[in-house]
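Visitor: I have a model on screen and some questions about it. Could you take me through it, ligand and rings included?

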Amino acid sequence: MDSSHERVAVIVGGASGIGWATAQTLAAQGVQITVADLNGDGAAVRAAELGEGHRAAQVDVVDEDSVQRLFDDVGPIDIAVNCAGFSNVGLITDMPVAEFRAVIDVCLNGAFIVAKHAGRHLRAGGSLVQISSLNGRQPAAGMSAYCAAKAGLSMLTQVAALEMGARGVRVNAVAPGFVHTPLTAAAASVPGVVEDYVDNTAIGRPGTPQDIADAVAYLCSPAASWLTGEVLDLNGGAHLKRYPDIMGHVNRLMEQA
Ligand code: NAP
């Protein structure tokens, strides 16, 4: 990695949760950050919190024009991290196709669009990190779209690593288990869900946004300069066990209501 200039990073989905922890961690290492998010106001607040020299942008990963504008505006970069994502819950036999498509659009198509435009601006020595999920390898009843999208994202990461490696750009993904963020707040409020997630780990605790941010920062650092095409399971050992029965917990809650 060329260390003659200040490192420049774009954190997509950087206004909340894992993205925000990543933005703070990289900024503390002297990286100049653009916090980009669907929530443009939130991104502006976060960039102001990081301080002078950091920027904000509104972006929607499913809208290629907005992603292209984001990366064209920032120019050459050293780091791109894509944290945009969400899930829905419902059985395949009940799920409207539009709801399935919406998750695939953000979590998979959006990740492709970010890879495409970040990839055009990443300098030699640069690094793209996608946030996949434990659900990229561990199926969960009721989460067909999310599981399929994250499994696809893990393979997209490997293909991108092959394609971009020749010009010195590394592409990796982190696949977190359960982490307390605004995204998981609704699921965490269902009795039994967090306990079941924790029971699914070997380490015996849920993850924190900082756990993920530290791994992302490592993947983007010169210490990882020979590491590419990796999907890093980061879940306290949950990939060694079985995924919680989310639908079971939701159904029990509804029966009590
Ligand atoms: P979060 O707190 O909701 O943060 C995600 C951010 O991405 C939000 O600011 C959200 O904006 C933004 N976003 C959503 N759709 C977007 C779009 N179309 N374009 C641009 N930005 C968009 O969630 P998180 O828990 O940090 O999750 C970050 C990533 O980690 C996601 O890809 C998620 O699937 C993955 N992950 C999370 C967990 C977990 O347990 N938390 C586990 C495994 C994987 P809005 O708030 O305006 O929607």
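Visitor: Which pocket is the space taken by the ligand?

Guide: First, the ground rules: this is a predicted model, where local features need pLDDT of at least 70, side-chain atom pairs count only at pLDDT 80 or more, and totals for chains, interfaces and linings use all residues. Residues are numbered from 1 along each chain as its sequence is written, and side-chain values use heavy atoms, with hydrogens and water left out. A pocket is an open set of points on a 1 Å grid over the protein atoms alone, where a 1.4 Å probe fits, with protein on both sides within 12 Å along at least five of seven lines. The ligand's space is the largest pocket.

Visitor: Which side chain has an N or O atom 2.5 Å from an oxygen atom of the ligand?

Guide: A polar contact is a pair of N or O atoms within 3.5 Å. A ligand nitrogen is 2.9 Å from a side-chain N or O atom of Asp 60, and a ligand nitrogen is 3.0 Å from a polar backbone atom of Val 61. The 2.5 Å distance to a ligand oxygen belongs to the side chain of Thr 181.

Visitor: How much of the area that the ligand exposes alone does the protein bury?

Guide: Accessible areas come from the Shrake-Rupley method with a 1.4 Å probe. Taken alone, the ligand exposes 880 Å². The protein buries 87% of that.

Visitor: What is the angle between the planes of Tyr 197 and Tyr 243?

Guide: Rings of Phe, Tyr and Trp (its six-membered ring) pair if their centres lie within 6.5 Å; planes under 30 degrees apart count as stacked, over 60 as edge-to-face and the rest as tilted. The structure holds 2 aromatic pairs. Tyr 197 and Tyr 243 are edge-to-face, 5.4 Å centre to centre, and the angle between their planes is 90°.

Visitor: How many residues apart in sequence are the parts that this pair ties together?

Guide: Tyr 197 lies in helix 7 (residues 193–199), while Tyr 243 lies in the loop between strand 7 (231–234) and helix 9 (246–256). So the pair ties together parts whose separation in sequence is 46 residues.

Visitor: Is Tyr 243 buried or exposed?

Guide: Buried means under 20% relative accessible area, exposed over 50%, and partly exposed in between (1.4 Å probe, protein chains only). Tyr 197 has 9% and is buried. Tyr 243 has 12%, so Tyr 243 is buried.

Visitor: Which backbone oxygen does the side chain of Ser 221 reach?

Guide: Ser 221 is in the loop between helix 8 (209–219) and strand 7. Ser 221 is buried, at 13% relative accessibility. At 2.7 Å, its side chain reaches the backbone oxygen of Tyr 218.

Notes
Helix = DSSP H or I, 4+ residues; strand = E, 2+ residues; numbered from the N terminus. Polar contact = N/O pair within 3.5 Å; in protein donor to acceptor, adjacent residues only side chain to side chain. 1 Å grid on protein atoms, 1.4 Å probe; cavity = no way out; pocket = protein on both sides within 12 Å on 5 of 7 lines; lining within 4 Å. Sits in = over half its atoms within 2 Å of the grid points.
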